[in-house]
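Please look over the sequence and the model shown here before reading on.

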Amino acid sequence: MKSNLSAWNYVKNNKRSAATMISALALSFAVIYIVHVLLMTSVEGFKPMLLEFPKKVGFFSISEKTLEKSKVKGAEDGDTKEKMQVLLETLRAKEGVKDITWAQVLQAQLQAVIGMWSEEFPLYTSTEEIERYLNHTGAKLVKGRLPEAPGEVVISSMVLKNRKMQIGDWFRKDAFGESFRIVGEVESDIMVSVGMPNHHYNCGSYYVILYDEATANLTLFFEEMGVELSASDTVYDLPAHREHFRDDCDLLIANIMNTISAVVMFFVAVAMLIAYVSFLRNRVNEYCLYASIGYRRWEVYGMMMREMFILFGLGFLIGVVLAIPSAILLKVAVLDPAGIVSVAWYPGMIAKLGSIMLLILGLLQIPVLVSLWKMKTIDQLED
Amino acid sequence: MFTIKNLSMIYDMDTDEKMYALKGLDVSLPDRGLIGIIGPSGSGKSTLMYCLSTLKKPTDGSVCYNGTELTTITDAEREQLRRREFGFVFQKHYLVPYMSAFDNVMVAAVNNDAETQEKAKKFLAALGLGDREIGKRPAKLSGGQCQRAAIARAMINDPKVIFADEPTASLDHENAFNVMRILKEYSVDRLVLVVTHDRSILGDADRIIEMWDGEISRDGGTL
């Protein structure tokens, strides 16, 4: 015996209320997705600086105090100069290490929709060192010229765009005044900048080490060499950057995003629950009729579930169709021109939002099952 | 077709003052014909009809339908009977408001093939609902048209019995007689039970059962 309880009947004959439910779901989906894309600029934008750049360049400085108390292998009884000398020689001898130079550094800043990251870049005293640095990092000068005089810098295209600077401008005039002039633009996937020191301003001095990824764990090297690192030392290597990325970008943004999703979806769930209860109430007579003319409860339940799947399915599909092009448009029209690194396609987020919608669908089982349990026949309704 | 023995229905079983809707009824109903059950409000006529149609389970007694004891069958068997062998016309039409008259008929059908769809259209046409009306929703139809669509819904599976509870209650005189004419035609080779308190519509009934206070006060004869 075929059930003629069609789920489409309700949807096609109640276009307005079905459209309201579908658009509420679709819009919630799209809004959360867009917020996710915006927040993720803090992850995507900082990825090159925090995960790629430190695979090629590291910075470190070991304090006198640390060297004094450390028993550095090969110079256990030496003074601090000897110990440092041994450390540098051992490092230089390591496979993958191209250069170690003591240099002043500056900080390039990259702004995301939320948050800003500052990353050091070296100030070398000779053009040869600058060329070696650019060769090692794979950066290419695309405009202007390389620094030739003190206080000249070449800056990565992405940073220039992001901070709205151009060749000829003073670099970070707000922080350094008229000390560093931008003379060139370099194209680099890992946001490389470099320059020559000015005698008055800088952001400190470090050993700048050019290495490859296999050698990029300086902390481990110093520990193996017997250096007891403390808060007075600075080691900006790959593990340190990865830790920053995990704690300050990835986890932070994930937590913010989870909170926003939970709050928005909670309100969507409550709204859907209220709407659905009233929707079921309006259809009591209909369900009673089905029960009276011999439909079984599971057949009525099947129809209700099919209706819900249609509404949620369409809500999800329209949400995706709405969210992805909006995200692409946002990226192309707003974020890219502002020099903010962004990604428009997050399949994981789509799957996550789909799961949340399934969860809301599960929640709606409560009123559905209650109304099925309470379903009467027409004689009871008329009693 | 129906053999009813000692049928009782008591409401408020748990209270001291039991309310008898039916008091030990004994009655037999044939396979065909239009049978009217009349009586004032509270006489038990609707309760009797609902007990026969398995919508209500009597407190005591037996309802035998074509050799099957209806008081002991399972819920699934009851639903099967209501779906395949019984048709219902209620006091209010209970058409689904968002469906067309045609869809309202088809929703009760056990099949959804072209033949059944054609049959639904034929029924509706025979009941005076033309091509224009069958596509309309109940809100766009008159009370009489709605009730006629409800009759078509009741007849779509060619049920052996049609139970009609006050089918003309919300209709004007002309529509009421039209509805009764249709039911009379159907009763030529099927059983149609009409519960009403309006004697005037039972002029064509083959048999009238009068009820009073849960009991049959008169059985047989016509008006």
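This is a predicted model: local features need pLDDT of at least 70, side-chain atom pairs count only at pLDDT 80 or more; totals for chains, interfaces and linings use all residues.

Gln365(A) belongs to helix H15 of chain A, which covers residues 365-373. Although 64 residues separate Gln365(A) from Tyr301(A) in sequence, the distance between their C-alpha atoms is 9.8 Å.

Chain A also meets chain B, through 19 residues of chain A that are in contact with 23 residues of chain B. On the side of chain A that touches chain B, at least two residues are supplied by each of helix H1 (7-13), helix H12 (284-292) and helix H16 (378-382), and the largest share, 4 residues, comes from H12(A). By residue class, this side of chain A consists of 6 nonpolar, 8 polar and 5 charged residues.

Turning to chain B as a whole, one finds 7 helices and 10 strands. Its radius of gyration is 17 Å, close to the 17 Å that the globule rule gives for 223 residues, so chain B is as compact as a globular protein of that length. The C-alpha trace of chain B spans about 55 × 40 × 35 Å along its principal axes, and 48% of its 223 residues are buried. Among the contacts in chain B with a separation of 6 or more, 69% are between residues 24 or more positions apart.

Part of the strand content of chain B forms an open sheet of 4 strands, in the order E2-E1-E4-E5 and with antiparallel pairing. Strand E2 (19-29) and strand E5 (68-69) of chain B stand at the edges with a single partner strand each, so that one side of each has no neighbour in the sheet. Strand E1 (residues 2-11) and strand E4 (residues 60-65) of chain B run antiparallel and are joined by 5 bridges; in one of the pairs, Phe2(B) has Tyr65(B) of E4(B) as its bridge partner.

Which elements of chain B surround helix H6? Its buried residues pack against strand E6 (86-89), helix H3 (101-106), helix H4 (114-126), helix H5 (131-134), strand E7 (161-165) and helix H7 (173-186) of chain B. H6(B) itself, residues 143-155, reaches 19 Å from its first C-alpha to its last over 13 residues, close to the 18 Å expected at 1.5 Å a residue. The helix is mostly covered, with 12 of its 13 residues buried, and these include Arg148(B) and Arg153(B) as well as Ala149(B), Ile151(B) and Ala152(B).

In soluble globular proteins, nonpolar side chains tend to be buried together. In this model the largest nonpolar core has 86 residues, of which Val105(B), Leu124(B), Ala149(B), Ala152(B), Ile162(B), Leu183(B) and Leu193(B) touch the most other members. H6(B) gives the largest share of this core, 7 residues. Another core, of 85 residues, lies apart from it and has Phe29(A), Tyr33(A), Ala103(A) and Phe312(A) among its members. Leaving aside residues up to four places away in sequence, Ile162(B) touches Gly87(B), Val89(B), Ala154(B), Met155(B), Leu183(B), Tyr186(B), Arg190(B) and Val192(B).

Technical notes. Residues are numbered from 1 along each chain as its sequence is written. Chains are lettered from A and ligands numbered from 1 in the order in which they are written. The expected span of a helix is 1.5 Å times one less than its number of residues. A residue is buried if 20 or more other C-beta atoms lie within 10 Å of its own, exposed if 12 or fewer, and partly exposed in between; C-beta atoms are placed from the backbone. Two residues are in contact if their C-beta atoms, placed from the backbone, lie within 7 Å. The radius of gyration is taken over C-alpha atoms; the globule rule is 2.2 Å times the number of residues to the power 0.38. Two strands pair if DSSP finds at least two bridges between them. Ala, Val, Leu, Ile, Met, Phe, Trp, Tyr, Cys and Pro count as nonpolar, Asp, Glu, Lys and Arg as charged, and the others, Gly among them, as polar. A nonpolar core is a set of buried Ala, Val, Leu, Ile, Met, Phe, Trp, Tyr and Cys residues joined through C-beta atoms within 7 Å.
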